[in-house]
Amino acid sequence: MIGIVDYGLGNLTSVAGAVLKLGYEPVITCDADELARADKLILPGVGAFPDGMANLAERGLIDVLNDLVIKRRKPILGICLGFQLLGKSSEEFRDTPGLGWIDAAVTRLKPDDASLRVPHVGWNDLTQTRPDCILFDGIADGALFYFVHSYRMETPPDGAQVGSCDYGGPFTAAVQKGSVFGTQFHPEKSQQAGLTLLGNFLEKA
């Protein structure tokens, strides 16, 4: 069973549909016992960082996730906003604290090229900065993935970055630190490359 964390933000049904297509049982839930029974977790999300952290807190999920992921080392994949929530803080509103599992802050995306609009929406190629990461098994370096975001995670100083992307300057697009994985892009919307990456997490993490 794959637990998809429901904290009131995100395209939960799209993620669940991709998990189901890959042959796994998705369960969308905010129930601590169900999340504990899951083999792996996915933290999706679309929207604002402060709202995401507030919703996690209101549902009592911060302590639950810290216990399952940090203490019990249950594998988790953060997607888009869920990826950003893995960081230590976001400047989106008064340096809102994040989960702090990845040692990097989230800052406004500011392309060097003024002609590039924010948010960054659409397909872009992914550079594998750590090609040995299991997420990339069977995926060519430079494969295209689908992005929708206005903020970006700064490069972690501890080597947790496994993939980067360029949008008027490089930014961290994928991370792994132990059993914690994250992607700024949406694998569930990234056609075959995205399904392969998601399948790698579900099978090998």
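Me: What makes D103 partly exposed?
Reply: D103 has a relative accessible area of 34%. Buried needs under 20% and exposed needs over 50%, so D103 lands in between and is partly exposed. Bear in mind that this is a predicted model.

Me: How do you know that the side chains of D103 and K88 meet in a salt bridge?
Reply: The N to O distance is 3.5 Å. The cut-off is a Lys or Arg side-chain nitrogen within 4 Å of an Asp or Glu carboxyl oxygen, so the pair of D103 and K88 qualifies. D103 lies in the loop between strand 6 (96-97) and strand 7 (105-108), and K88 in the loop between helix 5 (81-84) and strand 5 (89-90), so the bridge ties together parts that are 15 residues apart in sequence. K88 is partly exposed too, at 43%.

Me: Why do D132 and R130 count as a salt bridge?
Reply: Their N to O value is 4.0 Å. The rule says within 4 Å, so the pair is listed as a salt bridge. By this rule the count comes to 6 salt bridges.

Me: And what makes D132 exposed, with R130 partly exposed?
Reply: D132 has 62% relative accessibility, and exposed starts over 50%, so D132 counts as exposed. R130 has 26%, which falls between the 20% and 50% limits, so R130 is partly exposed.

Me: What do D158 and K177 tie together?
Reply: First, the side chains of D158 and K177 meet in a salt bridge at 3.4 Å, N to O. D158 lies in the loop between strand 11 and strand 12, and K177 in strand 13 (residues 170-177), so the pair ties together parts that are 19 residues apart in sequence. D158 is partly exposed at 38%, and K177 is partly exposed at 38%.

Me: Why is Q184 called buried?
Reply: The relative accessible area of Q184 is 0%. Buried means under 20%, so Q184 is buried. Q184 lies in the loop between strand 14 (180-183) and helix 6 (191-204).

Me: How do you know that the side chain of Q184 makes a polar contact with the side chain of Q84?
Reply: The two side chains come to 3.0 Å. A polar contact needs a donor and an acceptor, N or O, within 3.5 Å, so the pair of Q184 and Q84 counts.

Me: What is the phi of C80?
Reply: It's about 55°, a positive value although C80 is not a glycine. Most residues other than glycine have a negative phi. C80 lies in the loop between strand 4 and helix 5, and C80 is buried at 6%, because buried means under 20%.

Me: And what about R73, buried or exposed?
Reply: R73 is exposed, because its 54% is over the 50% cut-off. Phi of R73 is near 60°, again positive in a residue other than glycine. R73 lies in the loop between helix 4 (61-71) and strand 4 (76-79).

Me: What makes the peptide bond from V118 to P119 stand out?
Reply: That bond is cis, with omega near 15°. Most peptide bonds are trans. P119 lies in the loop between strand 7 and strand 8 (120-125).

How values were computed:
Residues numbered from 1 in each chain as written. Predicted model: local features only at pLDDT ≥ 70, side-chain atom pairs only at ≥ 80, totals over all residues. Heavy atoms only, no water. Helix = DSSP H or I, 4+ residues; strand = E, 2+ residues; numbered from the N terminus. Buried < 20%, exposed > 50% of the residue type's maximum accessible area, 1.4 Å probe, protein only.
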